Structures are given as C-alpha cells and as structure tokens.
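Hi there,

Here is the structure I promised to pass on to you. Have a look at it first, and then read my notes below.

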Amino acid sequence: QVQLVESGGGTVQAGESLTLSCEASGIIFSIDAMGWYRQAPEKQRELVAVITRDGATNVADSVKGRFTISRDNAKNTVYLQMNSLKPEDTAVYYCNADIKISTWLRSRGYWGQGTQVTVSS
C-alpha cells in the first residue's frame, strides 16, 4: 500500500513562516506530479501548488510570491515553504501525489491525512 504522511503544520503569527513536508512510502514504482491543496472551514478544497517530477511548478495566485513548492525525488518527498503567512492561509493542508505502483498499471492520485495550519493576526 501507499501512504502519504504530512508534517510541519502548526500555529503561527501573521508574517511568520512554516515548512510542510510530505513523504510517500510503500509500494512505489514512480511518482509523477506532487502537490499541496488546502481546505478552510466551510470552503472547498483548493489547489495551492503542484510540481512535476522534472521540477516544473504551478502556484495559485493567492500564494504566489509567498509559497514555494519543491521536491526531493530520491526521498519521495514534497515540501511547501510558506512565508509571510496571513490569517486567510488558515486551513488544513493536504498532500497529493500521482503514483504508479507497478510498470503495467496507470498512476492514480493518493492523499495524505492533512495537517492543520493556523495563522493568527
């Protein structure tokens, strides 16, 4: 089985920084895109940032210039560096990865359990 385990969430003051990590483990043949999504109370889950295996990134306009996504393919890990945090960044952050578990199967998306980020004003 495949597991995605996030870490690094917490409570910070506005203007501070946090770094989230997400490590994929289990039966993994290859990992394509990895990304971060977030869901605030009573809102839909939204894309924050995504990165391909080759390092191409796409970042939501709401966090552009403040958040940076990166990955370490050797460690099956994706990171989200969050700077200049704002109260509106408060949400549960979820890791997502497109993973192939064998060469003859198509990749499918897997989700982590989520990590809470709270930004106080």
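What follows is a walk through what was found, from the overall picture down to single residues.

A word on the basis: this is a predicted model, so local features need pLDDT of at least 70 and side-chain atom pairs count only at pLDDT 80 or more, while totals for chains, interfaces and linings use all residues. Residues are numbered from 1 along each chain as its sequence is written, and side-chain values use heavy atoms, with hydrogens and water left out.

**Overall picture**

The protein has eleven strands and zero helices. Both kinds of element are DSSP runs numbered from the N terminus: helices are H or I with at least four residues, strands are E with at least two. The radius of gyration is 14 Å, close to the 14 Å that the globule rule gives for 121 residues, so the protein is as compact as a globular protein of that length. (That radius is taken over C-alpha atoms, and the rule is 2.2 Å times the number of residues to the power 0.38.) Along its principal axes, the C-alpha trace spans about 50 × 25 × 25 Å.

Of the 121 residues, 37% are buried; here buried means under 20% relative accessible area, exposed means over 50%, and partly exposed lies in between, with a 1.4 Å probe and protein chains only. The protein exposes about 6700 Å², and carbon and sulfur atoms supply 47% of that area. Accessible areas come from the Shrake-Rupley method with a 1.4 Å probe, and for residues only the protein chains shown count as cover. Among contacts with a separation of 6 or more, 56% are between residues 24 or more positions apart; a contact means heavy atoms within 4.5 Å.

**The core and the disulfide**

Which residues have the most contacts inside the largest nonpolar core? They are Trp-36, Leu-80, Met-82 and Tyr-93, in a core of 30 residues. Such a core is a set of buried Ala, Val, Leu, Ile, Met, Phe, Trp, Tyr and Cys residues joined through side-chain atoms within 4.5 Å. Strands that each supply at least two residues of this core include S1 (2-7), S3 (18-26), S4 (30-39) and S9 (91-100). The largest share, five residues, comes from S9. Leaving aside neighbours within four places in sequence, Tyr-93 is in contact with residues including Glu-6, Leu-20, Trp-36, Phe-67, Leu-80, Met-82 and Val-117.

The count of disulfides (pairs of cysteine sulfur atoms within 2.5 Å) comes to one. Cys-22 and Cys-95 form it, with their sulfur atoms 2.1 Å apart. The pair links distant parts of the chain, with Cys-22 in strand S3 and Cys-95 in strand S9, 73 residues apart. The link is left-handed, with -80° about the S-S bond. Cys-22 counts as buried because its relative accessibility is 0%, and Cys-95 is buried at 0% too.

**Residues in the loops**

Asp-89 lies in the loop between S8 and S9. Is Asp-89 buried or exposed? With a relative accessible area of 1%, Asp-89 is buried. A polar atom of the Asp-89 side chain lies 2.8 Å from the backbone nitrogen of Lys-86. Apart from neighbours within four places in sequence, the contacts of Asp-89 are Arg-38, Val-63, Arg-66, Phe-67, Ser-84, Val-117 and Val-119.

Two backbone angles also came up. Most residues other than glycine have a negative phi. Asn-76, in the loop between S7 and S8, has a positive phi of about 50° although it is not a glycine. Asn-76 is partly exposed, at 23% relative accessible area. Ser-84 sits in the loop between S8 and S9, and its phi is near 50°, again a positive value in a residue other than glycine. Ser-84 counts as partly exposed, at 40% relative accessibility.

**The end of the chain**

Ser-121 lies in the segment after S11 and counts as exposed, at 82% relative accessibility. Thr-11 is 110 residues away from Ser-121 along the chain, yet their C-alpha atoms are separated by 11 Å. Leaving aside neighbours within four places in sequence, Ser-121 is in contact with Gln-13, Ala-14 and Pro-87.

Methods: A polar contact is a pair of N or O atoms within 3.5 Å; within protein, one must be able to donate a hydrogen and the other to accept it, and residues adjacent in sequence count only if both atoms are side-chain atoms.
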